[in-house]
Amino acid sequence: MTEHTPTPSQPPRQWQLFIAAHTNVGKTALLRTLLGQDVGEVHDAPDVTRAVTAHELARDEQGQTLALWDTPGFGDSFRLAQRLRRRSAWLRWLRRECWDRWRTPALWRAQRLAHTLRTQADVVLYPVSLLESPNDAVYVAPEMEVLRWVGKPVVVILNQGGALSDEAQRDHRVQQWRSALAAHAEVRTVIDLDAFSRCWLQELTLFDEIGRVLPEADQLGYQGLAQQVQQAHLVRFEASVAALTHCLIETARDRCELAPAQASSSGLTGTLERLRQHLPWHKAGPGNPTEQAQADLAQRYAQRTQGLATHLIALHRLDGVAAADVLAVTTEAWRVSAPLDKSSASLVGGVLSGMLTGLGADLMTGGLSLGAGALVGGVAGALGGAAIAGGYNVVTHQDKKVIRWDPRALEESLAKAVVLYLGVAHFGRGQGQWQQQAATAQWLAALEHTLKPQLNTLQALWAEPDAVLVTPQAEARLHTVVDAVLRGALLQLYPDRHALLAPRLPLGATPPAGTMLGDAHAHS
């Protein structure tokens, strides 16, 4: 196999991928998701797209391009197939241009599309809706006849499956479609990819399969362009790891110091005040320095998390921002370091260790609420609940109270940040503006599996967050942990992408064999 290199007298090669199917099955939504930009028109109505339009996916230094085409729907598939059965090309043209063009424009556009596919397409991407069973989608049979006439390899995409809430029903529907399509020789492969809820790794699987159905002479040249698509996704992944790491470092370093006069409250008055704070009907207020410091920590954590979500949304070529009302912050997680006097020492195991819980929503602004909640989409803590307050720590020669996040809360914040990443990484642009996604049971199981092996390392890093995480070595270790957790979670969900997501190898090591695009990935 030799790579196609254009000569001065030969124009650069263009690989043309056409999305062509029945009307209103999500063609343009799929196009938007794959391109990462809003193109075409999306409405819940037939015959919305009326023009054949090309969009560039990748271009190499020789000017070779990989293009994705949006097309009109086939519409009246039965009459379309009937028109193409005519043996005489001249009679087909006469009927199409002199009658259908003026009397039935949608049928005219469908015939023009069929001829365009026959002359220009390298691969036809044919989405079908999993909301329909193959028996109900009666238009598929005549459209398969049309694609047989076109004579190009067809990759069927099972779209809109995310709308089926019953997982068993969805799996059954997928098997129904695979069985029904197996009888059609023009269908070279079937991919399960929902434009609304796909992960970028599933997109790479699609591009793998496209490369496999191309003629052998075209595969290597296509591979170089598909590699560019993959690399863009990997750059976004690395940027996401860096963003999560930075957010966690800022949270670990965050602290509030109270002046000695604010920190100490000795004698009977101080004891009564602490008891009052522990009462269930006690309502925190801005007049209490300790509780105000706790609120400040929570406010900053919420703002950082909201900023992280907005940054991830932009990284993944989505629109929208993280609304404050989708963020909830666990508040049973402050760590307090303070000097203890004799009058309060007896209360450490009781009142004082619990008085850092239960801040009310009125302490927050922007709609942010405190309480034992989840970060995104009503998801419970991935590892079994909210972090627990660490209470007081006694540090020798300490002369001031320092309030900071407990290490267990920081571990939980990593888990929640990973869930947030998974929500963004599975949101297709064809769905519209980003909205919070409820974490699936699969996400949480994958997270738990991959986070557990990292807990010892995390605990060592969090042990003294004020001191340890200021060093470049500690930051690098945390970055490695976040990278491993994200890769591990994705690998649990998409084990076929091991060659792409395996931990990075030392320089000069040989990468493992795997999928087409995965093998081409350069480990560094």
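Predicted model: local features only at pLDDT ≥ 70, side-chain atom pairs only at ≥ 80, totals over all residues.

Reader: Fine. In what order do the strands of the sheet run?

Author: The order is 2-3-1-4-5-6, in an open sheet of 6 strands with mixed pairing. Strand 2 (53-59) and strand 6 (187-192) are the edge strands, each pairing on one side only. From one strand to the next the twist averages 25°.

Reader: In which sense do strand 5 and strand 6 pair?

Author: Parallel, over 5 bridges. In that pairing, V155 stands opposite T189 of strand 6.

Reader: And which strands does helix 6 lie across?

Author: Helix 6 (residues 167-181) lies across strand 4 (123-129), strand 5 and strand 6, at about 175° to strand 6. Helix 7 (residues 200-213) also packs on the sheet, and its direction makes about 175° with that of strand 6.

Reader: Switching to rings. How many aromatic pairs are there?

Author: The search of the whole structure gives 4. One of them is F18 with W69, stacked at 4.7 Å centre to centre with 10° between the planes. F18 is in strand 1 and W69 in strand 3 (residues 65-70), 51 residues apart.

Reader: Why does W69 count as buried?

Author: Because its relative accessible area is 14%, and the cut-off for buried is under 20%. F18 is buried too, at 0%.

Reader: What about F237 and Y421, why edge-to-face?

Author: Their planes are at 75°, and over 60 degrees counts as edge-to-face. The ring centres are 6.3 Å apart.

How values were computed:
Residues numbered from 1 in each chain as written. Heavy atoms only, no water. Pairing = 2+ DSSP bridges. Helix = DSSP H or I, 4+ residues; strand = E, 2+ residues; numbered from the N terminus. Axes fitted to C-alpha atoms, helices over the stretch in contact; angles between N-to-C directions. Contact = heavy atoms within 4.5 Å. Phe/Tyr/Trp six-rings, centres within 6.5 Å; stacked < 30°, edge-to-face > 60°. Buried < 20%, exposed > 50% of the residue type's maximum accessible area, 1.4 Å probe, protein only.
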